[in-house]
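Okay, thanks for having me, everyone.

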Amino acid sequence: MRTTIYPGSFDPITKGHLDIIKRAAKLFDKLIVVVLTNPDKEACFTIRERVEFVEKVTKDLENVEVDTFDGLLADYVKIRGAGSIVKGLRALSDFEYEFQMALTNKQINPDMETLFLNTSSEYMYLSSSIVKQVGFFGGDISDFVPEEIIDDITKKIRKVGEQIDNR
Ligand code: PNS
């Protein structure tokens, strides 16, 4: 069975992420979406919330599993016995960072490959930060995130906004 892993912080998952999940899932027998910590970014949603969002929007995809891991991605890939990970590339600006990560992961786990899928053109501009920023100022996020999670995300972003206002 050919298994691949789609890692990310998914804070929160966007339509762009879901597009990559659906396309990558067609290429492999099994796709594991793993929600990880990115130490460079302060998360808005808890790991549990992020996992729940991913589970909700992938529930109809039979060969997709959702997991979380507190540690290095390269170690997780080894533990799950996968030969590769998949990453989405939006534009040239993503490339340098992603290339550095790919080489670092390969150094830690020489048995893994990083495969890049280009983002579909309709999602080239999209990121989790955009979702949070538009939501924070009360904008409509329905173009950016799957329908099933719009309410949950809006509620949480509002709550965070109120906490900031009360400071
Ligand atoms: O969606 P993101 O934030 O671009 O994903 C980055 C992520 C979570 C895949 C990356 O930060 C990661 O792999 N975190 C786990 C720790 C790790 O293995 N870091 C890479 C070695 S420097």
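**Loops, pockets and rings**

Let's begin with Thr37, which counts as exposed because its relative accessibility is 52%; the cut-offs are under 20% relative accessible area for buried, over 50% for exposed, and partly exposed in between, with a 1.4 Å probe and protein chains only. Quick housekeeping: this is a predicted model, so local features need pLDDT of at least 70 and side-chain atom pairs count only at pLDDT 80 or more, while totals for chains, interfaces and linings use all residues. Residues are numbered from 1 along each chain as its sequence is written, and side-chain values use heavy atoms, with hydrogens and water left out.

Back to Thr37: you'll find this residue in the loop between β2 (30–35) and α2 (47–58). Helices (H or I, at least four residues) and strands (E, at least two) are DSSP runs, numbered from the N terminus.

Okay, pockets. Rolling a probe the size of a water molecule over the atoms shows where empty space is left. Here a pocket is an open set of points on a 1 Å grid over the protein atoms alone, where a 1.4 Å probe fits, with protein on both sides within 12 Å along at least five of seven lines; lining residues have an atom within 4 Å of a point. Volume is the space filled by probe spheres set on the points, joined across faces, edges and corners.

The largest pocket comes out at about 990 Å³. So who lines the largest pocket? There are 39 residues, and Asn38, Lys41, Lys87, Tyr97 and Glu98 lie nearest the centre. Helix α4 (92–108) is among the elements that supply at least two residues each, and α4 gives the most, with eight. By class, that lining has 15 nonpolar, 16 polar and eight charged residues, where Ala, Val, Leu, Ile, Met, Phe, Trp, Tyr, Cys and Pro are nonpolar, Asp, Glu, Lys and Arg are charged, and the others, Gly among them, are polar.

The second largest pocket holds about 230 Å³ of space. Eleven residues line that one, and Cys44, Phe136, Ile157, Val160 and Ile164 are the closest to its centre. Helix α6 (150–165) gives the most to this lining, with four residues.

Now rings. We've got six aromatic pairs, meaning rings of Phe, Tyr and Trp (its six-membered ring) with centres within 6.5 Å; planes under 30 degrees apart are stacked, over 60 edge-to-face, and the rest tilted. Phe45 and Phe53 are edge-to-face, because their planes sit at 80°, with the centres 5.4 Å apart. Both of those are buried. Phe95 and Phe99, on the other hand, are stacked, at 5.1 Å centre to centre and 20° between planes. Both lie in α4, four residues apart, about one turn of the helix. Phe95 is partly exposed at 35%, and Phe99 is partly exposed at 41%.

Last stop, Ser120, in the loop between β5 (113–118) and α5 (128–136). Is Ser120 buried or exposed? Buried, because its relative accessible area is 16%. Leaving out residues up to four places away in sequence, Ser120 touches Asp19 and Arg23, contact being heavy atoms within 4.5 Å. The side chains of Ser120 and Arg23 also make a polar contact of 3.3 Å; that's a pair of N or O atoms within 3.5 Å, where within protein one must be able to donate a hydrogen and the other to accept it, and residues adjacent in sequence count only if both atoms are side-chain atoms.
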